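Subject: Structure handover

Hi,

Here is the structure we spoke about. Please open it alongside this note, and then read on for what turned up in it.

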Amino acid sequence: MKKIKRLLVLWLLIFTALCSVNAVHASSSASAKGQAVHLTLYRKSGSILRKYTIRSGQKKLPGMKNPEGYTFLGWSTRKGQRNNPKYYAGQIISIKKDMKLYPVFFNRANETDPEPWELPGVNRRKYSKVIFVGDSRTYKMRDTFRRQCGGDFMDYLDFVCKSGQGIRWFQEEGYALLKNKIQAEGPASKRKPIAIVFNLGVNDLRYVNGRGPDCDALAKLYGSYFNRIGRTLASKNCRLFYMSVNPLNSCMLKGHAALRREEDVRYFNLALQNALNSRFTYLDTHTRLAKYGYSTKNDVYDNETDDGLHYSMATYKRIYRLVMDKIARV
């Protein structure tokens, strides 16, 4: 009988110990799941910009204003990086442990500034003309060439553009202007193809009364419209290209112009690329600029300042060179 009692006591001790271990394990697991981690963001100077306590495991990264002479590109886990950020403003990242991120700044003093004679002209063996279609960014590219290139550089280049505009302007006015320029080149059967480079979209990504754009609906609208007119333009011996909406800095826009956000630009670019049909060749200049740097010095005209949206003349020339190198191979 005593032996049975001792066995019962021993069994109870073992059972109690097992329950205690399981309770501690369950408590530890629950604690781990709800445990906060910290994300620390640093300034260019090395001081702390912000420190976040995160329990959801995810964080949407903020942007940062451009310091004088620099362009904010994004965030890195390494100090002092000058291009190729690991993360971008507006990107949602997963955070499983404490993390430190440092800003990546492109030094504008190091930007390549092509001389006029270094810029490729229109490949006349392939095209009779190249026409750029867009908004104020295209307008300022045109005026960069007018200021710096001159001569016969623009003999086979043309532009259809208007500041502050988007697809509605092109539907109501711009398309007619484009068709007139195509018609002026003569019968389609008696000339080389005309290359048309579209670059509309950034103005339709504006926030209105605090409400952002529906990027899916906007890309669907753009894709449907341009696919439809693409058939007509192709029948007029035109080669069609669509350039991505290029990078901006939303933190600079807040003080100067209507807000657009980096994540909306990236999303719209991807959605539009998928919406366009095979008549269009998509030109992804955004990725290269966002990765390796650009300048929103905005120096095409006098007395303008960095607004996070409009580029330096050097950047406009770099974009032009990227586009012309690409279309020459198509």
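**Salt bridges**

Asp143 counts as buried, because its relative accessibility is 10%, under the 20% cut-off. Its salt-bridge partner is Arg142, with N and O 3.0 Å apart. Arg142 is buried too, at a relative accessible area of 13%. Please keep in mind throughout that this is a predicted model.

By the rule used here, the model has twelve salt bridges. Side chains of opposite charge can pair when their charged atoms come close. Two further pairs deserve a look.

Start with Arg108 and Asp306. Their side chains meet in a salt bridge, at 2.7 Å from N to O. Arg108 sits in the loop between strand E6 (99-107) and E7, and Asp306 sits in the loop between H7 and H8, so this pair ties together parts that are 198 residues apart in sequence. Arg108 is buried, at 14% relative accessibility. Asp306 is buried as well, with a relative accessible area of 15%.

Then look at Lys129 and Asp158. They form a salt bridge whose closest N and O atoms are 3.9 Å apart. Lys129 is in strand E7 and Asp158 is in strand E8 (residues 157-161), so the pair links distant parts of the chain, 29 residues apart. Lys129 counts as buried at 11% relative accessibility. Asp158 is buried, with a relative accessible area of 18%. Salt bridges that share partners join Lys129, Asp158, Lys181 and Glu185 into one network.

**Nonpolar cores**

Nonpolar side chains tend to be buried together in soluble globular proteins. In this model the largest nonpolar core has 37 residues. Those with the most contacts inside this core are Phe170, Leu178, Ile196, Phe198, Phe226, Leu233 and Tyr242.

Which elements each supply at least two residues of this core? The strands are E7 (129-134), E9 (194-199), E10 (238-243) and E11 (280-283). The helices are H3 (167-184), H4 (215-235) and H6 (262-275). H4 gives the most, with eight residues.

Leaving aside neighbours within four places in sequence, Phe226 is in contact with Ile167, Phe170, Phe198, Leu200, Tyr242, Leu276 and Phe280.

**Cavities**

The structure holds two cavities of 30 Å³ or more. The largest cavity has about 160 Å³ of space. It is lined by 13 residues, and the closest to its centre are Leu73, Tyr88, Pro247, Leu248 and Glu262. Strand E4 (70-76), H6 and helix H7 (285-292) each give two or more residues to this lining. The largest share, three residues, comes from H6. By class, the lining has nine nonpolar, two polar and two charged residues.

The second largest cavity has about 50 Å³ of space. Its lining consists of Arg137, Thr138, Met141, Asn199, Met243, Asn246, Tyr311, Tyr316 and Ile319. Helix H2 (136-148) and helix H8 (313-327) are the elements that give two or more residues to this lining. H2 provides the largest share, with three residues. Here the residues divide into five nonpolar, three polar and one charged.

**Largest pocket**

How much space lies in the largest pocket? The volume is about 340 Å³. The lining has 13 residues, and the closest to the centre of the pocket are Phe106, Thr112, Arg288, Tyr292 and Arg318. E6, H7 and H8 each give two or more residues to the lining. H8 has the largest share, with four residues. By class, the lining of the pocket divides into three nonpolar, four polar and six charged residues.

**Where to look**

- Arg108 and Asp306, for the salt bridge at 2.7 Å.
- Phe226, for its contacts with residues including Phe198 and Tyr242.
- Leu73 and Glu262, for the lining of the largest cavity.
- Arg288 and Arg318, for the lining of the largest pocket.

Best wishes

Conventions: Residues are numbered from 1 along each chain as its sequence is written. This is a predicted model: local features need pLDDT of at least 70, side-chain atom pairs count only at pLDDT 80 or more; totals for chains, interfaces and linings use all residues. Side-chain values use heavy atoms; hydrogens and water are left out. A nonpolar core is a set of buried Ala, Val, Leu, Ile, Met, Phe, Trp, Tyr and Cys residues joined through side-chain atoms within 4.5 Å. Buried means under 20% relative accessible area, exposed over 50%, partly exposed in between (1.4 Å probe, protein chains only). Contact means heavy atoms within 4.5 Å. On a 1 Å grid over the protein atoms alone, a cavity is a set of points where a 1.4 Å probe fits but cannot get out, and a pocket is an open set with protein on both sides within 12 Å along at least five of seven lines; lining residues have an atom within 4 Å of a point. Grid points are joined across faces, edges and corners, and a volume is the space filled by probe spheres set on the points. Ala, Val, Leu, Ile, Met, Phe, Trp, Tyr, Cys and Pro count as nonpolar, Asp, Glu, Lys and Arg as charged, and the others, Gly among them, as polar. A salt bridge is a side-chain nitrogen of Lys or Arg within 4 Å of a carboxyl oxygen of Asp or Glu.
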